[in-house]
Amino acid sequence: MSDRLSVLKTYKLYVGGKFPRSESGRVYEVTDAKGKWLANAPLASRKDARDAVVAARKAFGGWSGATAYNRGQILYRVAEMLEGRRDQFVAEVADAEGQSKAKAAAQVDAAIDRWVWYAGWSDKVAQIAGSSNPVAGPYFNLSAPEPTGVVAVVAPQESSFLGLVSVLAPVIVTGNTAVVVASERAPLPALSLAEVLATSDLPGGVVNLLSGRTAELSAPLAAHQDVNALDLTGADAGLATELETAAADNLKRVLRPRAADWSADPGTERLLAFLETKTVWHPMGV
């Protein structure tokens, strides 16, 4: 028998392409469905949330200015990296959600496929969201979708990996940057996903992942003047109402929480949720 001690993993936040601990130095215990200790996760603070917004804003210009084809390539690379670490994520999802290995494997496979699905939409969404508009005059009138900006995402609480991917991928494939509050009860798959994102050619700051108390982190994000939109999928009804009220101070775009079957065909709703429409007039013959 070997008396070797295993190396315990230190989970960290993911902000601006780096892996800091919470500035407060706080952690909280994460347990499995049976109450068994799994790890200490960083308990992010309001300052961590503000730092994540700064990083997301800094990254927005370069990411939104990248070609749609390039963004699609990077999302596909995320899927490639996840495929190579599939067993790790199956184990983490099984522990986090109290599922059998078979059910956890199905979730991980669906999450990998979802990255590929959204990657394929990267250079096609403009065709369904844009148009050439008929006008009564000698003008071209064209409408094209543009990313909204920095999107704060409250990730699903009950689907720590497939649900997370389902809300994150459509935000970034359309050129937005994201600050994500991971599932409070089961943050470890999200924090491990950060390691994949960091090695998949995704520029630092495009995705920023925070773990901790959902209400504590989402409140400053909802009120932040440099956050342009909110996805409240993981907020309960009471918290969602509070966050919508805070967001109204600077007219954020808000996607309200609703029941979701994460295994179902995702459709295009989330692709279109955080896009703005720019219309350009141009005289003919010039």
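I'll start with one side chain: that of Ser166 reaches the backbone oxygen of Leu162 at 2.8 Å. Keep in mind that this is a predicted model.

Ser166 sits in helix H6. Is Ser166 buried or exposed? Its relative accessible area is 3%, and the cut-off for buried is under 20%, so Ser166 counts as buried. Leaving aside neighbours within four places in sequence, Ser166 is in contact with Arg114, Tyr118, Trp262 and Arg270.

Now the helix itself. H6 covers residues 162–173 and lies across E5, E6, E7 and strand E8, which is 229–231. Relative to E6, helix H6 runs at about 160°.

That brings me to the sheet. Five strands make up an open sheet, in the order E7-E6-E5-E8-E9, with parallel pairing. At the edges are strand E7 (207–210) and strand E9 (253–255), each of which pairs on one side only. From one strand to the next, the twist averages 15°. Within the sheet, strand E5 (residues 150–154) pairs with strand E6 (residues 177–181) over five bridges, in the parallel sense. Which residue in E6 is the bridge partner of Val154? That is Val181.

Last, the cores. The largest nonpolar core has 54 residues. Those with the most contacts inside that core are Leu75, Leu82, Trp115, Phe161, Ile172, Leu193 and Leu197. Take Leu75: not counting residues up to four places away in sequence, Leu75 touches Trp63, Trp115, Tyr118, Ala119, Ala169, Ile172 and Val173. There is also a second, separate core of 26 residues, including Val15, Ala56, Leu221 and Ala247.

Terms used
Residues are numbered from 1 along each chain as its sequence is written. This is a predicted model: local features need pLDDT of at least 70, side-chain atom pairs count only at pLDDT 80 or more; totals for chains, interfaces and linings use all residues. Side-chain values use heavy atoms; hydrogens and water are left out. A nonpolar core is a set of buried Ala, Val, Leu, Ile, Met, Phe, Trp, Tyr and Cys residues joined through side-chain atoms within 4.5 Å. Buried means under 20% relative accessible area, exposed over 50%, partly exposed in between (1.4 Å probe, protein chains only). Contact means heavy atoms within 4.5 Å. Two strands pair if DSSP finds at least two bridges between them. Helices (H or I, at least four residues) and strands (E, at least two) are DSSP runs, numbered from the N terminus. Axes are lines fitted to C-alpha atoms, for helices over the stretch in contact, and angles run from 0 to 180 degrees between N-to-C directions. A polar contact is a pair of N or O atoms within 3.5 Å; within protein, one must be able to donate a hydrogen and the other to accept it, and residues adjacent in sequence count only if both atoms are side-chain atoms.
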